[in-house]
Amino acid sequence: MNPIATPPLAGDRAGQRARHLDTGSRMWASRLIGALFLAGFVVYGTGSFLVTSVLDGDDFLAGVGAKETTLALGAFLMIATTAIDIGKAVIFFPVLERNGRRTAVAYLATMVFEMAMMTVGVLALLMVIPLADRASEIGADTAQALGSLAVDANETAYQIGQLSLAFGALFLCALLFRTGLVPRWLAALGLLGYALHMLGSGAELFGAPISLVLLIPGAIFEITLAFWLIIKGFDPAAYDRPAR
């Protein structure tokens, strides 16, 4: 005869449900954060491409009138990236707070500052549109000079924002390395990538155009982290560790 199966106890069923909910919460947060990392690349990259297609060249102001919609759409996508970054930091906050409240606050604060600087830069870009409309009134050369100043202002604001992002992300990666929320080799790549990114952004502010090269390791980290979180998620043991 087959042995009679013993029905699970109520406490066991409750524990199983709790573990299921914990896993679901962990994967939900992991996948959403990973998706936001990828979305930031796609949205900002598209916006930057559209803006560059309008403002590329020495006499770009003359062609702005025919491409106002493209410029406005690109600027909107660039600003939308700031909302994505803030959303990512807000969702990250409770995950980080369990292991280091100061790190969680520092990361969120630097992302807010980055958002502010990038918004200022994009608003400067949008000033190109009224400058192009009034170029005949204020003089083509003067309007072009002011337009170039607006483009430079956006670049400066962007680099300051990226400097802030890299600084805050160093704390983020240090916490990820210490807690094991993600593999330590991945967190170490983030530490290296953001250190180089911070160096590159600082160099750009002093006129050395090297940020694009130094951005590569950080970009590789963010893409790898995004796919890791979407597929694997945060380490269960580290994620479920009691707050301290």
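Tutor: Before we look at any residue, note that a helix here is a DSSP run of H or I with at least four residues, and that helices are numbered from the N terminus. Keep in mind as well that this is a predicted model.

Student: With that in hand, in which helix does Thr-81 lie, and is Thr-81 buried or exposed?

Tutor: Thr-81 lies in helix α2, and with a relative accessible area of 4% it is buried, because the cut-off for that word is under 20%. Leaving aside residues up to four places away in sequence, Thr-81 touches Gly-40, Val-43 and Tyr-44.

Student: Which residues does Ser-164 touch, if sequence neighbours up to four places away are not counted?

Tutor: They are Thr-110, Phe-113 and Glu-114. Ser-164 itself belongs to helix α6, which covers residues 140–179, and it counts as buried because its relative accessibility is 11%.

Student: Which residues form the nonpolar patch on the surface, and which helix gives the most to it?

Tutor: The patch consists of Phe-41, Val-42, Ile-223, Phe-227 and Ile-231, which together have about 470 Å² of accessible area. Helices α1 (10–55) and α9 (216–231) each supply at least two of its residues, and α9 gives the most, with three. One member, Ile-223, is found in α9 and counts as partly exposed because its relative accessibility is 36%.

Student: Why might residues three or four places apart on a helix point the same way?

Tutor: An α-helix has 3.6 residues a turn, so residues with that spacing point the same way. While Ile-223 is partly exposed, other residues of α9 are buried, among them Phe-221, Glu-222, Leu-225, Ala-226 and Leu-229.

Student: How many residues does α9 have, and what span does it reach?

Tutor: Helix α9 has 16 residues and reaches 23 Å from its first C-alpha to its last, which is close to the 22 Å expected at 1.5 Å a residue. Just after α9, Gly-233 takes a positive phi of about 80°.

Definitions and conventions: Residues are numbered from 1 along each chain as its sequence is written. This is a predicted model: local features need pLDDT of at least 70, side-chain atom pairs count only at pLDDT 80 or more; totals for chains, interfaces and linings use all residues. Side-chain values use heavy atoms; hydrogens and water are left out. Patches are made of residues with over 30% relative accessible area and no salt bridge: like charges are joined within 9 Å, nonpolar side chains (Val, Leu, Ile, Met, Phe, Trp, Tyr) within 5 Å. Accessible areas come from the Shrake-Rupley method with a 1.4 Å probe; for residues, only the protein chains shown count as cover. A salt bridge is a side-chain nitrogen of Lys or Arg within 4 Å of a carboxyl oxygen of Asp or Glu. Buried means under 20% relative accessible area, exposed over 50%, partly exposed in between (1.4 Å probe, protein chains only). The expected span of a helix is 1.5 Å times one less than its number of residues. Contact means heavy atoms within 4.5 Å.
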